[in-house]
There are 2 protein chains.
Amino acid sequence: MPLLPPQITKVIEEFSKLPGIGPKSAERLTFHLLRSSKASPESLGKALADLKVELKYCKTCQMVTLQDECSICSDTSRDRSMILVVENPLEVIAFEKTPYRGLYHVLHGVLSPIDGMGPEQLKMKELIDRCKTGSIAELIVATNPDIEGEATANYIRQKLSDTVKTITRIAHGLPMGADIEFADRVTLKESLAGRRSL
Amino acid sequence: MPLLPPQITKVIEEFSKLPGIGPKSAERLTFHLLRSSKASPESLGKALADLKVELKYCKTCQMVTLQDECSICSDTSRDRSMILVVENPLEVIAFEKTPYRGLYHVLHGVLSPIDGMGPEQLKMKELIDRCKTGSIAELIVATNPDIEGEATANYIRQKLSDTVKTITRIAHGLPMGADIEFADRVTLKESLAGRRSL
């Protein structure tokens, strides 16, 4: 008979599926939840159960939102001729801390054949359709400066160079291999200012 | 209006309450769950909701179990004259990988006044009651070799030195400040062999 009851093993197993959480960390988190007064399995469980309820993706930029259109896309004061293309919603939050006031497009991933991520798995068709309206003067590609991010940037350039006049890439002020969402706002601001033609 | 929908913020907040998970890691875990094919918020949420359902603590040793008595306490082949006192259930699992075949007692914590943990918050009364039956020849105190663990060991010695003939402490083969649950089985075996009178 296993020493740990199955419901404990199950939580450890589910935690272990998360990035950066190994079996030992998963055990610690599980037992922490069993005896902590601050965190509880019920409240985390409830929050997770509700996570996808009523969650929508903006019909324009694909940002997570509660409405059909997110607060950035529906803000008429923003520069609607620029689109900043990012990998995920957290990067929108990061760029919102810079002076950038154009629009965004969230790809929800990057091209990565090894992980089964092709253009169909990304919000690439939606980006191409947006650019075809002809109102976009500049597309800034802000995927991460790593292999997949560069490949995705090249794919976007190939697909849209005939459609959008100016396609730029954020400056490589960010060291290769780093993560945009962990960069400070000054580095992000510099990376926008130093963008170059793709 | 906040950029992230409240159900996302809520999950990030709940994850942040866990030890070793800061706000940035919490964000990554949350968005990983939203797009991962392997892990899902529903299955982790369900596992967490079920965590405490039907979970019991062994009436004898306080180990987590599904029955009134755990599989170790109900195993008649074990040496019932020895009790190994540990801080939490994971340490029972760790010691079960050594040749030790006596019984256990899980305190579910250590004395730590700064965290509001006094003897009443631990399974200390249950330990004292077990020892009072007179059938215990040796009590091995295997709390972690840190300040709280040493304080708890001293408290146990004070409370039970008149009741139990031999009270021992696992050998300090473990470096001070280390965690028992991360130690390898050889180190744990050595720490049992080198135990000294408390």
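Modeller: Residues are numbered from 1 along each chain as its sequence is written, and chains are lettered from A in the order in which they are written. In this predicted model local features need pLDDT of at least 70, side-chain atom pairs count only at pLDDT 80 or more, totals for chains, interfaces and linings use all residues, and side-chain values use heavy atoms, with hydrogens and water left out.

Biologist: Why is the relation of the chains called a two-fold axis?

Modeller: Copies are superposed by least squares on the C-alpha atoms of residues with pLDDT of at least 70 in both. A rotation of 180° with 0.0 Å of shift along its axis places chain B on chain A, with an RMSD of 0.0 Å. That is the relation of a two-fold axis.

Biologist: Which residue of chain B comes closest to the rotation axis?

Modeller: B:G45 does, its C-alpha lying at 2.0 Å.

Biologist: How many residues of chain B are in contact with chain A?

Modeller: Contact means heavy atoms within 4.5 Å; 60 residues of chain B are in contact with 59 residues of chain A.

Biologist: What makes A:R28 and B:E181 a salt bridge?

Modeller: The term requires a side-chain nitrogen of Lys or Arg within 4 Å of a carboxyl oxygen of Asp or Glu. The closest N and O atoms of A:R28 and B:E181 are 3.4 Å apart, so the pair meets the rule. The count between chain B and chain A is 4 salt bridges.
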